Amino acid sequence: MRARWHILVVDDEEAMTESLAAWLREDGYTVDTASSGREAIEKARAREYAIYFVDLKMPGGLDGIETLMEIRKFQKEASVIVITAYATVDTAIAAMKEGAQEYVVKPCHPQEISLLVERIIRVKNLERENAILRRKLTRHYSFHDLVSKNPRMAEIFDLVREVASQRSTVLIQGESGTGKELVARAIHFSGDRGERPFVAVSCAALAETLLESELFGHERGSFTGAIAQRKGKFELADGGTVFLDEIGDISPKLQVDLLRVLQERRFFRVGGTTEIAVDVRVIAATHRDLATEVREGRFRDDLYYRLNVINIRIPPLRERIEDVPLLAQEFLDRLSHELGREVSGISEEGLRVLMDHDWPGNVRELENAVERALVTCKTGILGAGDFAFLARPAGAVGASASFPPGLTLQEMEKQYVAATLSRLQGNVKAAAEALGIDRSTLYEKIKRYDIPR
Amino acid sequence: MLARGPSSGPCETDRSLGIRSTGIPRVLVAPFGPAPGAVLSAMEGALGEAFRLPVQRLDAIEEPAHAFSPARGQWGSVAFLQTLLSRVPPGVSRFLGVTERDLFVPVLSFVYGQAQLGGKVAVVSLARLRPEFHGLPAAPAVLARRAGTEAVHEVGHTFGLVHCLDRRCPMSLSIDLPDLDGKTETPCAACRALLEGSREMRRTRATTEGGHP
């Protein structure tokens with residue numbers, strides 16, 4: 001257990017460094033050494049050590065107190081034990097003033113070192129435990145797998161609790177990657193239907209005929225390849241919940257079929273003649289603005305009203321940037337365990353990079369970013385450099401070319417056109433030139449996508 | 001110079017040590033200068049019992065004179081380890097030196113012994129294990145028992161064992177004599193399991209039992 005605690009011994013005298021390191025290794029700690037203040041700072045930037053033993057007198061560079069001050073600039077909680085052969089009250093006071101936790105005079109009694117380290121590690125263990133508990137407590141709005149401390153998310157969690165045991169249809173709206181399915185699952189599993197099936201269907205992933213068969217099932221021989229009877233998602237979810245993701249992408253015909261199911265709770269399998277009754281709650285989700293889709297005639301208004309009984313809008317991550325550190329730590333804790341990487345946290349600089357990013361792909365993009373950083377990280381802490389891949393490519397300032405996975409071509413085009421217009425302060429002529437299209441085509445796209453200028 | 005000791009059995013020095021693939025003493029014990037035979041025997045017995053390996057004593061070897069620190073009036077233990085390292089006979093798994101000198105490492109005021117963690121050599125000092133060092137009457141049996149426990153502790157480090165939390169285990173940290181006297185000479189179940197599971201011990205046993213090193 002002690003091996004997980006890393007100790008750094010800093011002394012310009014190799015014999016001193018090695019003898020202390022050897023003693024601590026026999027105690028089971030993982031020990032690194034540094035022969036100068038500069039080397040110690042480099043190592044401390046790469047890994048957070050539980051304890052630093054720093055020699056007070058190191059000629060030709062940073063002395064012990066200067067080294068201690070530098071380390072404390074980026075590791076405020078570092079435990080530093082100053083070691084010296086010069087036992088004077090003044091140096092002891094100076095070291096303690098700068099934050100040294102202890103002060104030992106070499107050569108010291110073996111008991112002194114071992115008990116000192118044991119005492120500090122015991123406190124570190126308690127601090128770590130306390131931090132975990134505190135983190136759990138400060139997640140005021142944590143709910144199922146949803147984590148947030150944003151007030152709007154808190155309202156959503158309250159709403160989820162309220163509607164969990166009702167049968168009303170829920171429409172969840174939000175950009176791709178905001179966690180719409182997690183909210184749907186939270187509704188299902190915290191309600192009366194929690195013991196029954198939760199069946200998710202991605203409507204955007206399948207062609208119309210396949211989706212119809214997927215939702216309602218089919219009879220044997222109803223179409224080429226239907227070699228046996230198959231139950232659809234609605235039947236499989238009987239008593240539970242069907243989650244229809246990307247509902248805004250379904251065809252007009254399926255919109256009619258779905259409306260019928262919602263109104264009558266009955267349907268036919270594809271190619272079937274027997275009506276099947278089910279008790280299913282429907283939760284639908286989309287990244288599209290369904291009201292606009294209805295206004296523009298692409299989505300049936302009667303279906304929209306059937307779906308939109310309870311509406312939940314999840315804010316994009318850039319509008320709840322305070323959640324980024326919390327979510328990043330959550331992903332780090334889970335992924336470091338899954339990937340078997342010993343990475344304990346994210347440095348302040350690393351968090352700054354994460355909080356400065358726009359997160360067009362939202363929480364999913366953040367999770368992917370943490371995973372990528374973990375895989376390539378060479379140290380025990382994720383730093384700014386580990387997230388360098390988040391930097392926008394040169395020339396793309398204000399018009400991010402990074403699109404989250406799952407976007408349709410149309411959505412990508414809309415985002416890119418909007419970003420280009422924004423970058424060029426709404427100048428249509430310049431934007432058309434930048435996009436390589438003529439002005440009338442750009443006007444047509446602005447109108448079609450309802451892009452504000 | 002490494003030489004055959006009184007209980008050297010089938011082995012001879014260096015090439016003439018005649019170390020063969022069977023019956024090889026896997027742990028050698030050598031005093032630096034004179035050391036009481038009864039104490040050395042107690043150490044060998046404790047080592048044999050704890051590690052279940054053949055143990056053999058060699059004649060005294062010369063202590064490293066440069067290890068002495070006039071400023072401290074003590075002897076640096078690292079120099080003893082270096083001397084042992086330069087004299088490990090081929091095929092021998094562990095080499096323990098025993099000295100009457102009061103040992104130190106630069107950062108500590110004294111050590112009872114020192115080992116290469118996961119290495120081949122270790123040294124034990126009898127100086128502070130003697131009751132008379134602390135102003136008490138000599139007690140050969142007490143010294144022998146302490147020396148046996150300390151030998152197991154240091155050789156245990158060479159097999160990669162670190163300090164154990166079980167105060168009765170010889171691998172627990174001894175920072176004073178009451179600590180040392182409270183320990184048994186046999187590793188606790190946890191340390192024994194670690195020891196038996198270590199690749200190094202498996203390899204050592206395999207060669208002792210006639211396999212290839």
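How many bridges pair β1(B) with strand β5 (residues 94-99) of chain B, and in which sense do the two strands run? Select both strands and you will find six bridges in the parallel sense, where strands count as paired if DSSP finds at least two bridges between them. Helices (H or I, at least four residues) and strands (E, at least two) are DSSP runs, numbered from the N terminus.

Before going further, note that this is a predicted model, in which local features need pLDDT of at least 70 and side-chain atom pairs count only at pLDDT 80 or more, while totals for chains, interfaces and linings use all residues. Residues are numbered from 1 along each chain as its sequence is written, and chains are lettered from A and ligands numbered from 1 in the order in which they are written.

**Stop 1: strand β1 of chain B**

Stay with β1(B), residues 27-32, and colour it by burial: six of its six residues are buried, a residue being buried if 20 or more other C-beta atoms lie within 10 Å of its own, exposed if 12 or fewer, and partly exposed in between, with C-beta atoms placed from the backbone. One side of the strand carries V27(B), V29(B) and P31(B), the other L28(B), A30(B) and F32(B), and both faces are covered. Within the pairing to β5(B), pick A30(B), whose bridge partner is G97(B). Next select β2(B), residues 55-57, which pairs with β1(B) in the parallel sense over three bridges; here V27(B) stands opposite V55(B).

**Stop 2: D176 of chain B**

Move to D176(B), in the loop between α4 (140-158) and α5 (177-181) of chain B. Is D176(B) buried or partly exposed? It counts as partly exposed because it has 13 C-beta neighbours inside 10 Å. Then show L129(B), which lies 47 residues away along the chain, and check that the two C-alpha atoms are separated by 9.7 Å.

**Stop 3: the contact of the two chains**

Display both chains together: the contact takes 14 residues from chain B and 17 residues from chain A, residues being in contact if their C-beta atoms, placed from the backbone, lie within 7 Å. The chain B side has 10 nonpolar, three polar and one charged residues, with Ala, Val, Leu, Ile, Met, Phe, Trp, Tyr, Cys and Pro taken as nonpolar, Asp, Glu, Lys and Arg as charged, and the others, Gly among them, as polar.

**Stop 4**

In chain A, select β1 (residues 6-10) and β2 (residues 30-34), which pair in the parallel sense over five bridges, with H6(A) opposite T30(A). The chain crosses between these strands through α1(A), and this β-α-β crossover is right-handed. Helix α1(A), residues 14-26, reaches 18 Å from its first C-alpha to its last, close to the 18 Å expected, the expected span being 1.5 Å times one less than the number of residues. Its buried residues include M16(A), L20(A), W23(A) and L24(A), whereas E14(A), with 11 C-beta neighbours inside 10 Å, counts as exposed. Just after the helix, G28(A) takes a positive phi of about 100 degrees.

**Stop 5: the five-stranded sheet of chain A**

Now select β7, β10, β13, β6 and β14 of chain A, which in that order form an open sheet with parallel pairing. Strands β7 (198-202) and β14 (310-313) stand at the edges, each with a single partner strand, so one side of each is left without a neighbour in the sheet. Strand β6(A), residues 170-173, is joined to β14(A) by four bridges, and Q173(A) stands opposite R313(A) there. Helix α7(A), residues 180-189, packs on this sheet and touches β6, β7, β10, β13 and β14 of chain A.

**Stop 6: helix α13 of chain A**

Finish at α13(A), residues 323-339, whose 17 residues reach 23 Å from the first C-alpha to the last, close to the 24 Å expected. Among its buried residues are V324(A), L327(A) and F331(A), and the buried residues of the helix pack against β15 (345-346), α14 (348-356) and α15 (362-376) of chain A. The helix is followed by G340(A), whose phi is positive, near 65 degrees.

How values were computed
Contact = placed C-beta atoms within 7 Å. Axes fitted to C-alpha atoms, helices over the stretch in contact; angles between N-to-C directions. Right-handed = clockwise from strand over helix to strand, strands pointing away.
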